[in-house]
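Colleague: Please put the model up on the screen. I have some questions about how it is held together.

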Amino acid sequence: MSVYSVLAVEMNNEPGGLARIAEILGERKINIEYAYTSLRKGKAILIARVSDIELAERELSGAGIRTLNSENIPVE
């Protein structure tokens, strides 16, 4: 069994929410290897395996997008 680090991002639960994140990552040449979403307390959460997690976190945070970790993911 393999274990991978993934990126968790809070995104708007509306059309275009994922597109904004994908655009930022794509512009920085960060590949999304796989992704899924979840809803928690009315917020959409994107979970993704990306090619460079540290760069992705920095770039998304710099763009005002909240990244999450095991301590701050909303729990229902």
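Colleague: How many salt bridges does a search of the whole structure find?

Modeller: The search finds 4. A salt bridge here is a side-chain nitrogen of Lys or Arg within 4 Å of a carboxyl oxygen of Asp or Glu. This is a predicted model, with local features needing pLDDT of at least 70 and side-chain atom pairs pLDDT 80 or more, while totals for chains, interfaces and linings use all residues. Residues are numbered from 1 along each chain as its sequence is written, and side-chain values use heavy atoms, leaving out hydrogens and water.

Colleague: Which residues are linked in a network of salt bridges?

Modeller: E27, R28 and E59. The closest N and O atoms of E27 and R28 are 3.1 Å apart. For R28 and E59 that distance is 2.8 Å. The R28–E59 pair links distant parts of the chain, 31 residues apart: R28 is in the loop between α1 and β2, and E59 is in helix α2. Helices (H or I, at least four residues) and strands (E, at least two) are DSSP runs, numbered from the N terminus.

Colleague: E27 first. Exposed or buried?

Modeller: Exposed, with a relative accessible area of 51%. The cut-offs are under 20% for buried, over 50% for exposed and partly exposed in between, using a 1.4 Å probe and protein chains only. R28 counts as partly exposed at 31%. E59 is partly exposed too, at 24%.

Colleague: What does R49 meet in a salt bridge?

Modeller: The side chain of E33, at 3.3 Å from N to O. R49 is in strand β3 and E33 is in strand β2, so the pair ties together parts 16 residues apart in sequence. R49 is partly exposed at 22%. E33 is partly exposed at 42%.

Colleague: On to the sheet. What order do the strands have?

Modeller: The order is β2-β3-β1-β4, an open sheet of 4 strands with antiparallel pairing. Two strands pair if DSSP finds at least two bridges between them. β2 and β4 (67-68) stand at the edges with a single partner strand each, so one side of each has no neighbour in the sheet.

Colleague: How many bridges join β2 to β3?

Modeller: There are 8. A35, for one, has A48 in β3 as its bridge partner. β2 and β3 also form a hairpin with 2 residues between them. K41 in that turn has a positive phi of about 50 degrees.

Colleague: And how many join β1 to β3?

Modeller: That pair has 5 bridges. The bridge partner of M11 in β3 is A44. On the β4 side, β1 pairs over 2 bridges. There, A8 has L68 as its bridge partner.

Colleague: Why is β1 largely enclosed?

Modeller: Because 5 of its 5 residues are buried. L7, V9 and M11 point one way, and A8 and E10 the other. In a regular strand the side chains alternate between the two faces of the sheet.

Colleague: Now the largest nonpolar core. Which residues touch the most other members?

Modeller: L7, V9, I21, L25, V50 and L60, out of 15 residues. Such a core is a set of buried Ala, Val, Leu, Ile, Met, Phe, Trp, Tyr and Cys residues joined through side-chain atoms within 4.5 Å. β1 (7-11), α1 (17-27), β3 (43-50) and α2 (53-62) each supply at least two residues. β3 gives the most, with 4.

Colleague: What does L25 touch?

Modeller: I30, I32, V50, A56 and L60, not counting residues up to four places away in sequence. Contact means heavy atoms within 4.5 Å.

Colleague: Last topic. Which residues form a nonpolar patch on the surface?

Modeller: Y4, V6, Y34 and Y36, with about 400 Å² of accessible area together. Those areas come from the Shrake-Rupley method with a 1.4 Å probe, and for residues only the protein chains shown count as cover. Patch members have over 30% relative accessible area and no salt bridge; like charges are joined within 9 Å, nonpolar side chains (Val, Leu, Ile, Met, Phe, Trp, Tyr) within 5 Å.

Colleague: Where does V6 lie?

Modeller: In the segment before β1. V6 is partly exposed at 35%.

Colleague: And where does Y36 lie?

Modeller: In strand β2 (residues 32-40). Y36 is partly exposed, at 48%. Leaving aside neighbours within four places in sequence, Y36 is in contact with I45, L46 and I47. Y36 and A8 are 28 residues apart in sequence and 9.9 Å apart in space, C-alpha to C-alpha.
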